[in-house]
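The following is a walk through a predicted model. Please keep the sequence and the structure side by side while reading.

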2 protein chains.
Amino acid sequence: MPRVTIADVARKAGVSPTTVSFTFNRPTELSPATVRKVLKAAEELGYVPNPHARALLSSRAGVLGLLVPERIFDAFANPFYAAFVQGMGLACDQQNLSLMIVSPIEGSLEKAISRAPADGFVILGLGEDHRDISPLSRRKVPFVIVDGDAELAPSVNSDDETGACQSASFLLSHGHRDLVILTFLKPRKYMHDPYHDVGERRLRGYRRAYEEHDVIWSEDIVIPSPCSIEGGEQCFEEIWQSGQRPTAVLCTSDALALGVLRAAERLGLRVPEDLEVVGFDDVPQAALARPSLTTVRQPIVEKGRSAAQLLASALDDNQLSRHILLPTELVVRRTTSC
Amino acid sequence: MPRVTIADVARKAGVSPTTVSFTFNRPTELSPATVRKVLKAAEELGYVPNPHARALLSSRAGVLGLLVPERIFDAFANPFYAAFVQGMGLACDQQNLSLMIVSPIEGSLEKAISRAPADGFVILGLGEDHRDISPLSRRKVPFVIVDGDAELAPSVNSDDETGACQSASFLLSHGHRDLVILTFLKPRKYMHDPYHDVGERRLRGYRRAYEEHDVIWSEDIVIPSPCSIEGGEQCFEEIWQSGQRPTAVLCTSDALALGVLRAAERLGLRVPEDLEVVGFDDVPQAALARPSLTTVRQPIVEKGRSAAQLLASALDDNQLSRHILLPTELVVRRTTSC
DNA sequence: GTAACATACTAAAGGGTTTTAGTAAAGCAT
DNA sequence: ATGCTTTACTAAAACCCTTTAGTATGTTAC
């Protein structure tokens with residue numbers, strides 16, 4: 001039994017397919033009696049327009065893509081994503097759009113992009129000139145860059161460097177000299193990208209704080225780790241086991257910091273007495289953590305919301321490329337001694 | 001400048017559109033020289049097949065829909081969703097599928113379903129015979145029911161009643177007699193559904209524990225609240241402000257329990273000395289909470305994974321409807337005194 | 001009584017691909 | 001030279017809808 005098509009409804013209602021289409025799309029051009037008749041026939045047959053056919057014709061599927069340069073599993077291991085999606089959802093709910101998560105297919109983002117039936121993309125963590133997304137510019141598919149460099153395309157970023165600088169400054173001014181910095185590992189494929197990602201921006205902030213405090217910076221204290229609670233936990237445990245005894249840890253992501261907290265607990269370290277920890281993001285659970293996490297707040301939900309909003313308006317009028325810079329702010333809680 | 005189509009590539013390469021299609025879909029039927037020639041032309045023109053056209057023909061877009069009966073923002077306010085999506089992602093990553101979040105359009109799930117270019121749906125929190133999803137059965141679109149009753153359709157559920165019973169039993173056997181139970185409020189539209197949802201199953205478990213302990217059950221102690229940390233926080237604060245002084249709180253969701261913890265902290269209550277709290281789900285942050293949350297564990301990631309897996313195989317062979325029941329288990333942590 | 005216009009509907013083109021059925025040429029055995 | 005199979009490619013139909021341009025009818029205006 002094949003799918004019920006517009007032709008079936010037309011036949012049943014005794015009208016042309018065009019009339020059926022009009023019934024759904026511009027009922028004002030039809031007499032009320034006809035509309036009723038067609039609606040009845042459609043109802044009885046259980047007809048709904050085929051979304052693929054509709055999208056093919058109008059190039060509008062009502063779907064925003066969220067492009068993430070890693071596996072979905074790895075991405076959502078970081079609570080940042082839930083909050084970001086929540087924010088995008090705010091705009092989607094409002095504009096009746098759906099939200100699609102697009103991650104590499106067979107390791108290729110390009111492939112994933114070209115197969116995804118989305119009207120546009122919010123791109124997380126890649127710059128606008130990244131080769132993996134160049135097909136989008138060529139095909140004039142609208143996209144918004146988040147946490148990445150952009151000039152032509154609209155973008156949403158946080159003031160990472162300032163926030164990072166504040167957090168490092170905070171620790172340095174309290175006398176800490178023996179820090180460890182946990183940064184998130186880029187997905188393997190992007191490891192050697194020349195592109196300046198968020199991690200690097202935050203590092204730059206830390207480095208600036210070192211300069212301002214006249215403390216000598218060494219790349220040796222920077223340890224990359226997979227960006228998840230487990231990643232941070234394991235990473236810090238290894239650091240400790242290797243004999244290093246930092247008095248404080250700076251993390252470029254709350255996921256890592258929460259992991260450090262867990263590791264510290266397991267290792268019997270008291271926070272903040274034996275070890276101070278500062279994160280980045282202020283994900284919802286930072287405030288709930290044990291102890292509550294000192295971190296650099298960026299408005300994640302708002303970030304997602306404005307990215308989706310920007311994309312939605314780009315779909316409508318494809319005008320004006322706006323660049324949004326969101327503020328960051330050090331939130332002092334209990335993983336640091338005041 | 002219109003989109004580059006298969007015809008453009010065909011013209012440029014001096015072959016028929018069919019040959020171009022074959023180049024991408026079954027290159028073995030072509031001579032290597034031709035494949036090279038076409039690939040080169042496609043590359044030069046920046047051609048990628050139109051996903052809508054492809055999906056129209058094959059009825060396969062490579063997209064799994066996650067149907068949620070509430071707004072995306074509200075859904076992702078509950079950390080359960082992030083873990084569930086993570087699990088679905090595991091299966092999607094493996095099978096090269098994308099994941100689409102579909103929530104009501106203009107308040108209508110039906111509308112959202114009919115517009116979504118997804119190959120099938122994982123349906124969260126509705127039974128298979130719910131009227132909002134009946135169009136799917138009629139159109140023979142595959143779907144998997146999660147946290148809902150199903151007989152014909154494949155389903156994934158947790159043993160909610162047993163888990164809930166254990167948790168209530170645990171509190172009752174420690175002498176608590178003055179409990180409050182926080183349940184999550186259904187989205188308004190589904191408020192009066194006759195359908196037995198997870199919340200009710202869990203309540204049934206609590207009730208059974210009351211019976212087993214010969215304690216009289218009263219519906220008055222059951223307080224519905226929006227299912228988020230904020231919801232639980234506010235709800236418990238109101239309860240306390242209203243003069244009630246329960247010695248323990250049972251929550252049908254960790255989101256609520258985490259909220260209660262936050263409220264307790266604000267109200268100056270010590271947990272577990274002044275108030276004991278038990279959640280449900282064991283979301284990742286339950287273990288990290290302050291204090292760590294006693295809760296009923298269900299394997300959320302696994303739930304998402306098997307739901308997506310079931311759906312993916314239903315798409316392939318549309319056979320065998322399996323029903324998966326995942327175990328639950330009380331995890332005693334620090335919000336209860338042992 | 002005819003031109004001008006609005007109303008209610010339809011035929012046909014188009015959107016971009018995949019797939020089926022088929023053709024032409026080459027290879028092989030007899 | 002004849003028939004049979006294989007190989008390499010193509011024409012045309014199909015997928016299901018929307019939209020443009022147009023027809024037929026009725027209404028109004030002078």
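Start with the sheet of chain A. Six strands make up this open sheet, and their order across it is β7-β6-β8-β9-β10-β12, with mixed pairing. The edges are taken by β7 (222-225) and β12 (329-331) of chain A; each has a single partner strand, so one side of each is left without a neighbour in the sheet. On average, and ignoring direction, neighbouring strands of this sheet are turned by 20° against each other.

At one end of that order, β10 of chain A (residues 294-297) pairs with β12(A) in the antiparallel sense, over three bridges. Within this pair, V296(A) has L330(A) in β12(A) as its bridge partner. A helix of chain A, α12 (residues 254-267), packs on the sheet. The strands of chain A that α12 touches are β6 (179-184), β7, β8 (248-251), β9 (276-281) and β10. The direction of α12 makes about 155° with that of β9(A).

Now turn to chain B. Here too, six strands form an open sheet with mixed pairing, in the order β7-β6-β8-β9-β10-β12. Its edge strands are β7 (222-225) and β12 (329-331) of chain B, each of which pairs on one side only. From one strand to the next, the twist averages 20°. Inside the sheet, β6 (residues 179-184) and β8 (residues 248-251) of chain B run parallel and are joined by four bridges. L182(B) is placed opposite C251(B) in β8(B). Helix α11 of chain B (residues 229-241) packs on this sheet and touches β6, β7 and β8 of chain B. Its direction makes about 140° with that of β7(B).

The next level is the division into domains. For chain A, the domain assignment gives domain 1 (6-49), domain 2 (63-158 + 301-326) and domain 3 (160-298). Between domain 1 and domain 2 of chain A, the C-alpha centres lie 37 Å apart.

How do the two chains meet? In the contact, 51 residues of chain A face 51 residues of chain B. On the side of chain A that touches chain B, two or more residues each come from α4, α5 (72-76), α6 (79-95), β2 (98-102), α7 (109-115), α8 (134-139), α12 and α13 (284-288) of chain A. The largest share, nine residues, is that of α6(A). By type, this side of chain A divides into 31 nonpolar, eleven polar and nine charged residues. Strand pairing also links the chains: β2(A) and β2 of chain B (residues 98-102) run antiparallel and are joined by three bridges. M100(A) stands opposite M100(B) in that pairing.

DNA strand C is the remaining partner. Of the 29 residues around DNA strand C, those that come nearest are T19(A), T5(B), I6(B), S21(B) and N50(B). At least two residues of the surface near DNA strand C are supplied by each of α2 (17-25) and α4 (51-58) of chain A and α1 (6-13), α2 (17-25) and α4 (51-58) of chain B. The surface holds 15 nonpolar, eleven polar and three charged residues.

One of these helices, α2(B), also packs against α3 of chain B (residues 32-45), at an angle of about 95° and with the axes 10 Å apart. Angles of 65 to 115 degrees count as roughly perpendicular, and α2(B) and α3(B) are therefore roughly perpendicular to each other. In their contact, T19(B), V20(B) and T23(B) of α2(B) meet T34(B), V35(B), V38(B) and L39(B) of α3(B). Four of the contact residues are nonpolar, three are polar and none is charged.

Technical notes: Residues numbered from 1 in each chain as written. Chains lettered and ligands numbered in written order. Predicted model: local features only at pLDDT ≥ 70, side-chain atom pairs only at ≥ 80, totals over all residues. Pairing = 2+ DSSP bridges. Axes fitted to C-alpha atoms, helices over the stretch in contact; angles between N-to-C directions. Contact = placed C-beta atoms within 7 Å. Domains from an automatic or database assignment. Near = placed C-beta within 6 Å. Nonpolar A, V, L, I, M, F, W, Y, C, P; charged D, E, K, R; others polar. Parallel < 35°, antiparallel > 145°, perpendicular 65-115°, else oblique.
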